[in-house]
Amino acid sequence: MNLCRNSFLALLALVAGPAAAQVPTHQPGAYRSASAYRRHQPQPAGTNAFFPDKRGQVVVVMPSGPATTKVRLDPDSVWGVVSDKGRTTRIFRGEEFRLEHADTLCLYSSTGNMGTMGPARYGGRTLATTHYFFSVGLTGLIFPLTTPYLREQYAASNPRFVAVLDKLKFNASLSDYDRKAGLYLVTKMYRDATPR
């Protein structure tokens, strides 16, 4: 009986391991600046936050006794938001960019519509596509994730990274994700090329 119970607990620990790694590290809410985000200090904090609402504003859902209230903020006054699922969205020039990797090279994604497959009146489906972007640090301008933009932004500060970019295979995508390493190709290349 003990063997069965111990085996069950070991299996549960294995399953819980990846789930525990996905626990959000930032409290849901609006973050006024990148430094507030680094310090884990939302203003205001809440149980959820999202952008945009119907009015194009940032919304923070806050507990108010047994109910909740919504606080609306101008997107220009906010660096980004963290949702109740732990997703960080940076708001840049009125657009939302989901933060995928935060480091000296920050990686973002944004989903857009490519069009519709088949006529809408016959149940045509909207096709979504994911585009990737980057910034130099959490406060840098956001650029499309392309080799020319990366070269331009990192030529002076990290020439080793730029040299590695020139060796990128033609069939490789900078946004390829390596599940084993837990990194995107561009972030792995950047880490490997950055002097320690």
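The model is predicted: local features need pLDDT of at least 70, side-chain atom pairs count only at pLDDT 80 or more, and totals for chains, interfaces and linings use all residues. Residues are numbered from 1 along each chain as its sequence is written, and side-chain values use heavy atoms, with hydrogens and water left out.

A nonpolar core is a set of buried Ala, Val, Leu, Ile, Met, Phe, Trp, Tyr and Cys residues joined through side-chain atoms within 4.5 Å; buried means under 20% relative accessible area (1.4 Å probe, protein chains only). The largest such core has 16 residues, and Leu-105, Leu-150, Tyr-154, Phe-161 and Val-186 touch the most other members. The elements that each supply at least two of its residues are tabulated here; helices (H or I, at least four residues) and strands (E, at least two) are DSSP runs, numbered from the N terminus.

| Element | Residues |
|---|---|
| β8 | 105–117 |
| α3 | 147–154 |
| α4 | 159–165 |
| α5 | 185–193 |

With four residues, α5 gives the most to this core. Apart from it lies another core of 14 residues, including Tyr-31, Phe-92, Phe-133 and Leu-138.

Neighbours within four places in sequence aside, Leu-105 is in contact (heavy atoms within 4.5 Å) with Phe-134, Ser-135, Leu-150, Tyr-154, Phe-161, Val-186, Thr-187 and Tyr-190.

An open antiparallel sheet of three strands runs in the order β2-β3-β4, where strands pair if DSSP finds at least two bridges between them. Its edge strands, β2 (48–50) and β4 (67–73), each pair on one side only. Between β2 and β3 (residues 58–64) there are three bridges in the antiparallel sense, and Asn-48 stands opposite Val-61 in β3.

Methods: Buried < 20%, exposed > 50% of the residue type's maximum accessible area, 1.4 Å probe, protein only.
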